[in-house]
Amino acid sequence: MNLAAFHALPEVERLAHMQARIDRNPFSHLLKLRIVAAGENRATMELPLRPEVMQMLGLVHGGALATLIDSASACSLWPRLEAEGQKAVTLELKVNYLASPRGAWARAASELIRYGRSTAFVETGVHDEGGKRCCPANSTFFILRKEAPR
């Protein structure tokens, strides 16, 4: 599907398309990650804050938050990658754990800042149900280009 056609879909269809991809990833499915918004170069995902994602001090595990951030960041790239027939992998993920989210969920809002020939850069902010900013993050992705036929 080309990029214009994807963005022309009603939001409910865009979200369903992306959620189906998320659910095919066993780890994302295990964490119950859910896409809640998707627009041009943007994606927002939620992580339900359940006992399974808490660490021994009763705080949200940093690995669960990093997965939420990585997944939301990737979702901001998917439409463009899909339109170009490309794939990408995380090259770097930097997270500042400023506070542990509280409430029923943590929400990551990602925005694609730069899409180059071989890398893409995404900024993400995580906040909790009460609106508290918890984890600003930056992600760099390596774009796996198809090789030209020889």
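Helices α2 and α4 are roughly perpendicular to each other in this predicted model, because their axes cross at roughly 105° and angles of 65 to 115 degrees count as roughly perpendicular. Two packed helices are described by the angle between their axes and the distance between the axes. Here the axes come within 11 Å. Helix α2 covers residues 11-23, and helix α4 covers residues 62-84.

| Helix | Residues in the contact |
|---|---|
| α2 | H17, M18, R21, I22 |
| α4 | C75, W78, P79, E82 |

By class, the contact of α2 with α4 comprises five nonpolar residues, one polar residue and two charged residues.

Strands β3 (87-95) and β6 (133-144) each supply at least two residues of the patch; V89, for example, lies in β3.

The last topic is charge pairing. Side chains of opposite charge can pair when their charged atoms come close. The model has eight salt bridges, one of which joins E111 and R42. The closest N and O atoms of this pair are 3.2 Å apart.

Definitions and conventions: Residues numbered from 1 in each chain as written. Predicted model: local features only at pLDDT ≥ 70, side-chain atom pairs only at ≥ 80, totals over all residues. Heavy atoms only, no water. Axes fitted to C-alpha atoms, helices over the stretch in contact; angles between N-to-C directions. Helix = DSSP H or I, 4+ residues; strand = E, 2+ residues; numbered from the N terminus. Parallel < 35°, antiparallel > 145°, perpendicular 65-115°, else oblique. Contact = heavy atoms within 4.5 Å. Nonpolar A, V, L, I, M, F, W, Y, C, P; charged D, E, K, R; others polar. Salt bridge = Lys/Arg side-chain N within 4 Å of Asp/Glu carboxyl O.
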